[in-house]
Amino acid sequence: MAQYKVIQDFTDSNEKSADANGDLHVYRAGDAYPFQPYAGAQTADRIALLTSYDGPNDDFDGPVIEQLTD
């Protein structure tokens, strides 16, 4: 199973990641990024976005996670 590590701090845009106060989860550099291989195409698209050399959006100039190698 692939594993990923956060290499740039970023805030999860998924509203389901919010805590009881409504604050979205923040991933910090060095954190393990949770990855569920059975989640399907939506997860594959999200991984592709987060590992993109262009970054997931205009706020980033590179990937925010990287795949760990064995």
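A contact here means heavy atoms within 4.5 Å. By that rule, Tyr 4 touches, leaving out residues up to four places away in sequence, a set of residues including Tyr 33, Phe 35, Ile 47 and Ile 65.

Before going on, the basis. This is a predicted model, in which local features need pLDDT of at least 70, side-chain atom pairs count only at pLDDT 80 or more, and totals for chains, interfaces and linings use all residues. Residues are numbered from 1 along each chain as its sequence is written, and side-chain values use heavy atoms, with hydrogens and water left out.

Now the layout. The chain has one helix and five strands, taken as DSSP runs, with helices being H or I of at least four residues and strands E of at least two, numbered from the N terminus. The order is β-β-β-β-α-β.

Of 70 residues, 24% are buried, meaning under 20% relative accessible area with a 1.4 Å probe, protein chains only.

Next, the aromatics. Rings of Phe, Tyr and Trp (its six-membered ring) pair if their centres lie within 6.5 Å; planes under 30 degrees apart count as stacked, over 60 as edge-to-face and the rest as tilted. There are three such pairs in the structure. Phe 10 and Tyr 27 are stacked, at 5.0 Å centre to centre and 25° between the planes. Phe 10 is in β2 and Tyr 27 in β3, so this pair ties together parts 17 residues apart in sequence. Both residues are buried. Phe 10 and Tyr 33 have ring centres 6.2 Å apart and planes at 40°, so that pair is tilted. Phe 10, Tyr 27 and Tyr 33 form one aromatic cluster.

Methods. Buried means under 20% relative accessible area, exposed over 50%, partly exposed in between (1.4 Å probe, protein chains only).
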